[in-house]
Amino acid sequence: MSEPDLHPMRVTVTTRKPGTAAGQIFVAPYSLETVVGQTGSLILDDAGDPVWFRPLPYTNLQNADFKVQAYHDPETGTSQPVLTWWQGTIAIPPTYTNLPGGSPEPGGCYYIYDSHYRLLKTVSAKNGFDADEHDFRLTPRGTALFIASRAEPLDLRPYGGPENGAILNSEIQEVDLATGKLIFSWNVLDHVDPADSEEPVSNAASSGGVWDAYHVNSIDEGPDGQLLISMRNMWAVYNIDKNSGDVLWQLGGQQSDFTLGENAQFYWQHDARFRPGNRISMFDDGCCDQPGGSPEQQSHGLILSLDFDSRTATAERTYYHEPPLYSQSQGNTQALVNGNEFVGWGQNPYYSEYAAAGNSENDGARNLLYDAKMPGDNISYRAFRDEWIGTPYYSPSVAVRADGGQSVVYASWNGSTQTAAWQVLAGPNPDSLSVVVGHASRVGFETAIATGSRGPYFQVRALDEAGNVLGASAVANLAKGPRRQGLP
């Protein structure tokens, strides 16, 4: 009632047990078919209620990699929590067939928003590349590391393709946020042989002749200038020396420097991350060469332990779902501060939290603490749990309607995480309002508050847990509908 232009999806929480980490859940819903609700960036609480929603105006416009990061200012030595995401359009057949499925269309960029939901920065790719939706990471140096992609002409005859072909190449780029200048780039085609790809060059026929040999989908920064890069279509993760550009080692794929032990093999993986103690994590899609491919194995979160003396990789922890899932793309495995693991299931409509010990194949309910399902065909490229304090720069929203002999006031404040209760004021004109409801506990995104006052003018005040006023809405007239502040 108070925000009639907001239509976020309604998720179904199927499991909710004690022991979950603190924080909210961050998703960016969209659909490969028909979206339920609106696309955009969405923060949810554990009950599945919206906390903040920023809808997009078109269903083909998408957000991806929506998460909390720290924005560092090297000049002052300060940092602040921010929201970041990619925004643009993605090549999804049959709407887009000029690029391989999942590739960014030209025109996308990254957004950085502060805790008041104000835009701090936009970041774009350099060197004629397009900003890629797969990863965007802020560093303590006041820079941003991200993946950038573009189709480049290439003679594909050595790989079984046409002479006048093209390859989807990628660069790892680093941009100084203060100046916008490119300060580092690493070109994939210069360092990795596409001949080792698991993606047949013949599949380029369905994507405008562009071969997606690599499909770079994550980047992480480790100690001593190391970069960890996941390439889905190589079935491999690469450790890069940022200073020299050399590939230090490759895990998985046709040229693996490690022998993968039992349950350590992965396929079409996403979200490779450094973990302490010579470990890495990832989301193993285990599925599938698109379109119409068969799964290699069940999708799951995976933590691997690397032994650099014996050059072996061992599966230390796995995180499966019940019912079993086979995600053809996307997904992530996030380490939480309390030791739990949070898994976004990519091209399946779930997100889950597990106790650290995890589980095994066909035992996906063990150590499951939290599970939620998005409606219809809705999915989110990644899903995260993070702690976030939002203090909107705009005012709360209010609506009021008559219901029998009472007036029902509807109060909300999109993005406020500190609102614990509402106060209602009413009066015969906008300049003579008095408190008619002193304290009504906040219930979900929007709180309905009944009052015997006939107004016809009403206002709400947001209260924190101590009863302090955080903000006040505009004044609503019972006869004229909701009063709200525009979205950022």
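Biologist: In which strand does T143 lie?

Modeller: T143 lies in strand 11, residues 143-154; strands are DSSP runs of E of at least two residues, and helices are runs of H or I of at least four, both numbered from the N terminus. The model is predicted, so local features need pLDDT of at least 70 and side-chain atom pairs pLDDT 80 or more, whereas totals for chains, interfaces and linings use all residues. Residues are numbered from 1 along each chain as its sequence is written, and side-chain values use heavy atoms, without hydrogens and water.

Biologist: Why is T143 called buried?

Modeller: Its relative accessible area is 3%. Buried means under 20%, exposed over 50% and partly exposed in between, with a 1.4 Å probe and protein chains only; T143 is therefore buried.

Biologist: What makes the pairing of the T143 and E174 side chains a polar contact?

Modeller: The two side chains are joined at 2.6 Å. A polar contact needs N or O atoms within 3.5 Å, one able to donate a hydrogen and the other to accept it within protein; residues adjacent in sequence count only if both atoms are side-chain atoms. The side chain of T143 also makes a polar contact with the side chain of T139, at 2.5 Å. Leaving out residues up to four places away in sequence, T143 touches R137, L138, E174, V175, D176, L177 and I183, where contact means heavy atoms within 4.5 Å.

Biologist: How do you know that C287 and C288 form a disulfide?

Modeller: Their S to S distance is 1.6 Å, and the rule asks for a pair of cysteine sulfur atoms within 2.5 Å. The count comes to one disulfide.

Biologist: Why is the disulfide of C287 and C288 left-handed?

Modeller: The torsion about the S-S bond is about -70 degrees, so the disulfide is left-handed. C287 is buried at 2% relative accessibility, and C288 is buried at 2% as well.

Biologist: What makes the peptide bond between P93 and P94 cis?

Modeller: Its omega is about 0 degrees. P94 is in the loop between strand 7 (78-88) and strand 8 (109-113). The bond from E322 to P323 is also cis, with omega near 5 degrees. Most peptide bonds are trans, and most residues other than glycine have a negative phi.

Biologist: What is the phi of Y117, and why does Y117 count as buried?

Modeller: Y117 has a positive phi of about 65 degrees although it is not a glycine. Y117 is found in the loop between strand 8 and strand 9 (119-123), and counts as buried because its relative accessibility is 0%.

Biologist: What makes a space a cavity rather than a pocket?

Modeller: On a 1 Å grid over the protein atoms alone, a cavity is a set of points where a 1.4 Å probe fits but cannot get out, while a pocket is an open set with protein on both sides within 12 Å along at least five of seven lines. Lining residues have an atom within 4 Å of a point. Points are joined across faces, edges and corners, and volume is the space filled by probe spheres set on them. One cavity of 30 Å³ or more is counted, and the largest cavity holds about 40 Å³. Its lining includes D132, H134, D212 and H215. The largest pocket holds about 760 Å³; of its 38 lining residues, A91, P93, G101, G102 and Q290 are the closest to its centre.
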